[in-house]
Structure formats: structure tokens, C-alpha cells
Amino acid sequence: MTITRSDVADAPGASTQAEIGPNTPAVRATVPYAMDDSNYVPKERYYDRAFFELEKQHLWPRTWQMAARLEEIPEPGDYTEYEVAGNSILIVRQQDGSVKALHNACRHRATELAKGCGRMAGGQIVCPFHGWRWNIDGSNAFVFMDDEFDPVNLKPEALRLRECLVEVWGGMVWINLDPEAVPFTEALAPLIPMFDALAIENMRVKWWKQIILKANWKLTMEAFHEGYHGYQTHPQLLTGRGMSFETAVKIIKEMEYLNLSGGHSRSYSRYLDPAEYNLNGDDFIESNRLLATGQDAMALEKDVQIFEGLRNKIGVDDPKFSEKAIQALYDYAEGAGIPMPPLSEHMQQWGGVVFLFPNYFILPQFGNALVYRMRPHDDDPEQCLFDVWSLTTYPRGQEPGRAELLGLFDKDDKEHWGLIPRQDFSNIERQQRGLHSQSFEHMRLSPRQEKTILHLHQELDRVIARGVSA
Ligand code: FES
Ligand SMILES: [Fe+2]
């Protein structure tokens with residue numbers, strides 16, 4: 001079946017109807033286990049080999065992805081490797097400060113040229129097998145005993161390392177393996193102003209850890225797409241704090257979920273009037289303390305100390321406690337030279353989640369953020385590699401040096417994961433196993449609480465259909 005342009009909106013300004021909401025019959029007929037009913041997600045999408053292969057062929061090589069933080073490669077010659085769906089890409093800082101993304105395969109006999117991260121010794125990329133060399137811009141510099149080769153194999157253009165599209169934005173390196181890809185600014189259009197207003201580019205890595213989960217990459221992502229799980233999975237954040245059941249339910253119901261074109265989405269809590277919800281300064285401090293101790297991200301110990309200082313100064317019953325607390329944070333930041341995002345705007349995004357299709361999340365708060373990225377692992381539909389970063393904004397001139405991965409940690413590792421991520425991790429592999437129960441037919445979605453999950457699956461079908469018909 002051929003998909004026409006009217007079946008799949010693939011350009012900005014094209015019908016947003018086709019970008020948000022159910023897909024056309026042509027798309028649905030093209031994709032196996034397609035999203036045919038907005039109430040259900042077919043279970044096979046999380047483990048079927050053929051579906052996984054379609055993602056490998058049409059999603060990963062054709063979508064913009066966050067491949068690295070800029071501070072992973074501060075100096076010329078620094079590199080870091082990004083692997084996805086059978087491709088390895090070297091992200092390399094150039095002499096002029098720009099960044100290139102080079103396919104990590106020797107032009108001689110395919111050996112991967114570098115692994116992990118580091119600095120190219122001697123300013124060149126050297127193949128460990130026979131010693132061919134490249135300049136960091138990808139041009140070939142040396143072929144050992146080149147007189148032993150037919151000149152047909154030595155043409156400079158043939159020997160040049162292949163490049164991917166690269167964009168640097170928000171302190172990150174974004175790549176696309178498809179030379180014909182839609183420009184980055186089009187693909188990310190709905191999110192760019194939002195990120196810019198949050199001054200994401202001022203943030204730096206506080207810590208960076210990884211985990212491998214025995215679950216499909218989408219299933220893992222979905223655990224962070226809704227606040228509906230908060231009541232059962234993270235009781236300490238709601239009723240465990242002494243909040244009534246009714247208040248907890250109200251807070252969950254007050255979550256706003258927005259689907260944006262391109263598969264992206266955003267969710268956040270609407271402003272809660274402290275009087276209506278019977279929340280005082282103690283609740284504000286305590287909820288932030290739980291974030292600081294429970295995940296060391298979004299709210300940090302230093303923020304809690306500032307809020308505690310205010311407790312002594314104005315008392316927790318001040319009706320404007322939370323506003324004054326945030327103002328105190330900004331006053332501190334100003335004195336310390338911390339370039340925070342503008343105070344007045346985008347407050348609603350604090351505590352919310354911004355999802356960038358296909359696999360990147362940012363949860364911004366107070367000039368800090370918790371960030372997630374999920375990818376398939378080991379060519380297995382039922383495993384994923386999950387990166388977690390805590391970002392914060394440092395005083396100007398005091399930003400830390402090169403960002404390095406702290407390591408790969410087990411889901412139950414209490415030393416390396418706070419309570420909140422461990423609670424989230426604890427359900428994901430159980431859910432993946434449950435998918436194989438002979439009793440289970442399909443995921444059942446709430447049209448409001450889980451609408452961003454529906455949206456990412458519908459977008460995935462559009463992407464696959466476009467690829468199949470290309
Ligand atoms: S495989 Fe790289 S130089 Fe031979
Ligand atoms: Fe959670």
C-alpha cells in the first residue's frame with residue numbers, strides 16, 4: 001500500500017489533525033499491531049520482533065535524538081559514543097568548537113574506531129586493527145602501506161568517515177542519521193520556545209547514571225508519561241505526607257496533559273491554591289525535601305535549606321509561602337551569580353514533564369532538571385538502556401568540568417538510586433513480564449491521564465508508515 005502525503009502529515013503547517021489523533025486507514029493498514037482503537041495499545045508492540053525491526057529500520061535512523069551533553073566533550077578531540085539500534089556514532093568536538101557526528105566504522109574493514117568516551121590521542125582517530133587514521137573532521141589522514149591497495153580503494157571521498165546531521169541546542173548534541181531528515185527546528189518546533197524560556201542551556205550535569213531494564217524501551221518511557229501512578233507507586237509524595245485521599249485525587253486530576261505535533265507532549269500540575277488544598281509552608285518544604293532526598297534532582301538540598309531559612313523568617317502559615325520561597329531562591333541565585341530562567345514565565349512547567357519524541361524527557365524545576373533517555377538494548381525488544389541525569393545551574397564561572405557517566409547500576413541499588421526512581425523501576429520489569437500472561441489482551445488507556453502514551457504510539461505508527469512507503 002502506498003501512503004500519500006495526505007495520509008501522513010510530514011511537514012510543519014500540514015494538517016495538525018493528521019499529526020495528533022487517530023491515524024488514517026492507510027497508516028493503520030501499513031503498520032502491524034497498529035493503534036486502531038484509542039482505548040487500547042496492542043501488547044505485541046512491546047515484544048514482537050517484526051515490530052521491533054520496523055522501529056530499527058524506520059524510527060531510529062530517521063528521528064532527531066539527543067546524542068550527548070555538550071560538557072561530555074569540552075575540548076577539541078574529545079569524543080563520546082552514542083549507540084542506537086545497531087549504529088554507533090562518534091560525537092567529536094572540532095578544533096573550532098563545533099561538533100561532528102561520525103559513523104563509527106572503519107572504512108577499511110568496518111572496525112569500530114573508538115568506544116565509550118575519551119580524547120583522540122594525537123588529535124587523530126586511529127583504527128585499532130591496521131592503523132588507518134583520520135583527522136577529527138572525518139577526513140582520512142593515513143593508510144598504512146597504501147601502495148598495497150588499488151587506487152580505487154584510496155579515493156579521499158571514499159575514505160572520509162560518514163557524517164550524520166548534527167545540531168547543538170540547549171547544551172546538547174542532537175543527531176539524525178537520515179541525510180534527508182526534516183530540519184531539527186521543524187521537528188522540535190513546538191518545544192524550542194519552551195526550552196529556551198527555561199534556560200536549559202545554562203544547566204550542567206550534576207550526576208549521570210544508567211540502568212538496563214528487562215523491558216521494552218516504550219514501556220519504560222510510559223512509566224514517566226503520567227502522574228496517575230503517583231498515588232500507588234509513590235505514596236510518600238501524597239497521602240504518606242498526611243494529605244487526605246480526596247486532596248491526593250484532586251492533585252492527580254488537576255494534571256494537565258498536552259499533545260503536541262510530532263509526537264511530543266507536555267504535562268504539568270495546574271496551579272493549586274494553597275487555601276483550597278489546605279497546603280501550607282510545611283507541605284511545600286516537605287514535598288521539596290522528598291524530591292531532594294528521594295532523587296537528588298529537581299529540588300536539591302541547597303534549595304531545601306533556603307526554604308527552611310524562610311520558615312524561620314515568615315512562618316509556614318504565611319498564605320504566600322510558596323511564592324515567597326521561590327522568590328528567596330531567586331534572591332539567593334542572584335547573589336551567587338546563578339543564571340536562573342526568568343521568574344515570571346513558565347512557572348507552570350515546574351514539576352511537569354516535557355517529552356520529546358521519540359525518547360527524551362525533561363522535568364524542569366527551579367533551574368534544576370531531571371532528565372531521562374531510553375533506547376533499546378542488545379538488539380532485544382525486551383531490554384532497554386535508560387540514562388538518568390540530574391542537571392542544575394551553577395554560578396557563572398563555577399561550572400564543573402567534563403561530565404562523565406558515574407556507572408551502570410542495578411534497579412535495587414539503594415546506594416545509587418533514590419527512593420523515587422527505585423519505586424518507578426520496581427514496576428517496569430513486572431509489567432513487561434505481565435504482557436506475556438495468556439490472560440492479557442492489550443493495554444487499557446485512560447483518555448485523559450494516559451493520553452500522551454496514546455499520542456506517542458500514534459506518532460510511531462505515522463513514522464513507520466512513512467518509512468515503509470518511502
Ligand atoms: S579495519 Fe580499520 S584499518 Fe583495517
Ligand atoms: Fe514515578
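## Close-up views of a predicted model

View 1. On the α3 side, F51, L54, E55, H58 and L59 meet L460, D461, V463, I464, G467 and V468 of α15, where contact means heavy atoms within 4.5 Å. By class, this contact of α3 with α15 has seven nonpolar, two polar and two charged residues (Ala, Val, Leu, Ile, Met, Phe, Trp, Tyr, Cys and Pro count as nonpolar, Asp, Glu, Lys and Arg as charged, and the others, Gly among them, as polar). Helices (H or I, at least four residues) and strands (E, at least two) are DSSP runs, numbered from the N terminus.

**View 2. Helix α11 packs against α13.** The axes of α11 (residues 281-295) and α13 lie 8 Å apart at an angle of about 50°, which makes α11 oblique to α13. G281, F284 and I285 of α11 make the contact with F321, S322, A325 and I326 of α13. By class, the contact of α11 with α13 has five nonpolar, two polar and no charged residues.

**View 3. Eight strands form an open sheet with mixed pairing.** The strand order is β13-β14-β15-β16-β17-β18-β12-β19, two strands being paired if DSSP finds at least two bridges between them. Because β13 (255-259) and β19 (407-408) stand at the edges with a single partner strand each, one side of each is left without a neighbour in the sheet. Strand β12 (residues 203-213) pairs with β19 in the parallel sense over two bridges, and K209 stands opposite G407 in β19. Helix α14 (residues 419-434) packs on this sheet, touching β12 and β18 (380-393), and its direction makes about 35° with that of β12.

**View 4. The largest cavity is lined by residues that include three from α13.** A search of the whole structure finds two cavities of 30 Å³ or more, and the largest has a volume of about 50 Å³. On a 1 Å grid over the protein atoms alone, a cavity is a set of points where a 1.4 Å probe fits but cannot get out, and lining residues have an atom within 4 Å of a point. Its lining consists of K302, L329, Y332, A333, I338, M340, F366, G367, N368, T392 and T393, and the elements that give two or more residues to it are α13 (321-336) and β18.

**View 5. The second largest cavity has a volume of about 30 Å³.** F224, H225, S265, R266, S267, V353, F355 and T452 line this second cavity. β14 (265-269) and β15 (353-356) each supply at least two residues of the lining, with β14 giving the most, three residues.

**Conventions.** Residues are numbered from 1 along each chain as its sequence is written, and chains are lettered from A and ligands numbered from 1 in the order in which they are written. Local features need pLDDT of at least 70, side-chain atom pairs count only at pLDDT 80 or more, and totals for chains, interfaces and linings use all residues, while side-chain values use heavy atoms, with hydrogens and water left out.

Methods. Axes fitted to C-alpha atoms, helices over the stretch in contact; angles between N-to-C directions. 1 Å grid on protein atoms, 1.4 Å probe; cavity = no way out; pocket = protein on both sides within 12 Å on 5 of 7 lines; lining within 4 Å. Points joined across faces, edges and corners; volume = space filled by probe spheres on them. Parallel < 35°, antiparallel > 145°, perpendicular 65-115°, else oblique.
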